Amino acid sequence: MPSTTAGEPIPIETSHEDMIHDAQLDYYGKRLATCSSDRTVKVFDVVDGEAQRGTGHTLKGHTGPVWQVAWAHPKFGQILASCSYDGKVIIWKEQQAQGPGAASGGWAKIKEHTLHKASVNSVSWAPHELGAILACASSDGTVSVLTFKNDGTWGADVFEGHAIGCNAVSWAPAVQPGSLITPQANNTVPGQQPAAVQSVKRFASAGCDNLVKIWGFRDDTQSWAEEEVLEGHTDWVRDVAWAPNIGLPRSYIATASQDKTVLIWTKDTPSSPWVKTALDPSASVSPSPTAGTGAAPAPAGKFPDVVWRVSWSLAGNILAVSCGDGKVTLWKENLKGVWECVSDMTS
C-alpha cells in the first residue's frame, strides 16, 4: 500500500453497523477502541497509523448505543471502560493468551456498574497516580466514582451532580498547580527518596443545567464535595476538558456547549477565581476590521453549529474543538493571551 504523508487522513474500516460515537487510542497509540449505536465496542491494533485487518475484537455486553470508551493507564493492564444508553458502565480487561505464540485471549468483563437509572454519557479515568478510579456522568443527574480497591473489589460513590442530567466528566491533573516552581520545604537527604508530591483528587462535570461543577475529594469526610460552579453557558454543556499540567501555577478548563460556544476557563493560582474567555471563530477567518484602530473588538463570535467535544493535546497547549458542522479546529494561546485558530480540518 502506498505510504501516506502525515497530513493525509487514513480511513479505517471498523465494520460497525451504525453510527460511531467515540474513538480512542490507548496510551501508546498502538490500539484503537471504537463504540457505536450498534451496541458494540471494537478494539483494533494500529501499526504506522493504520488499523490492521483481522486484528479486531468485538466486545458485546451493552443493550443500547455505546456513547464513550476510555482506556485505563497500562500500569493497570489492558483495561477499557465503556458507557451506554442502557445505563451501564462496563469495564473490560484483555485476557492473557494461553501458551507461547498464542493469539490474544480476547476481552472479558471484570466489572458491570449498574447503579445509574438512565443513560451514562461519559466515562473518564483519573490520573494513574491516584489509582484505578473511574468517573461516570449520567442523564439521571448523578455522577458516580468507581474505585478499584486493594482487596480486588470495587467501591462506588454516587452523588447528585446536575439537574436534568450530566453530559461529561474530566479529571484535573494529579499534580498540584504550581508544585513545579514551589520550593520544597523538606530538603531530601542524598540517597533518600524525595518526598512524594502532594496529589489531589478533583474533576469537573458538565451538565444540562448549563453549568460546569468542580468536585474535590475530602479526606476528612471521605466523600466528594462540590468546590466551585462555573456559570457562563446559556444552553447544555456538552463537554468539559481539564488541560494537562506539569505543575505550573495556571490551570485551564475548556467547555463546549449547545449554545455554539467554547469557553476557556483559567485559574492563575489555587486561591484565585476562574476567569472565562470565549473562543472567537470569526476572528480566525478574517482579520477583525477594528484591529489596530483602537475601537472596541467585536463581541466573541459563535461557532457555526453545536460544539460537541473539546480535547487537549498531551502537552496541554493545543485544544481541538469538534463542531456539529463536521469541522475540527485546533486552537492555541498566543503570547498576548489571545486564543487563535491554528488549523482546521473537515471530516
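In this predicted model, lysine 267 and glutamate 228 form a salt bridge (a side-chain nitrogen of Lys or Arg within 4 Å of a carboxyl oxygen of Asp or Glu), with the closest N and O atoms 3.3 Å apart. The two residues lie in distant parts of the chain, 39 residues apart: lysine 267 in strand 20 (residues 262-267) and glutamate 228 in strand 17 (residues 223-231). Helices (H or I, at least four residues) and strands (E, at least two) are DSSP runs numbered from the N terminus. Lysine 267 has a relative accessibility of 9% and counts as buried, while glutamate 228, at 25%, counts as partly exposed; buried means under 20% relative accessible area, exposed over 50%, and partly exposed in between (1.4 Å probe, protein chains only).

Residues are numbered from 1 along each chain as its sequence is written. Local features need pLDDT of at least 70, side-chain atom pairs count only at pLDDT 80 or more, totals for chains, interfaces and linings use all residues, and side-chain values use heavy atoms, with hydrogens and water left out.

By the salt-bridge rule, the count is 12. Glutamate 94 pairs with arginine 31 at 2.8 Å between the closest N and O atoms. This pair joins strand 8 (residues 89-94), which holds glutamate 94, to strand 2 (residues 31-36), which holds arginine 31, across 63 residues. Both glutamate 94 and arginine 31 are buried.

A salt bridge also connects glutamate 112 and lysine 88 (3.4 Å, N to O). Glutamate 112 is in strand 9 (residues 107-113) and lysine 88 in the loop between strand 7 (79-84) and strand 8, so the pair ties together parts 24 residues apart in sequence. Glutamate 112 is partly exposed at 33% relative accessibility; lysine 88, at 14%, is buried.
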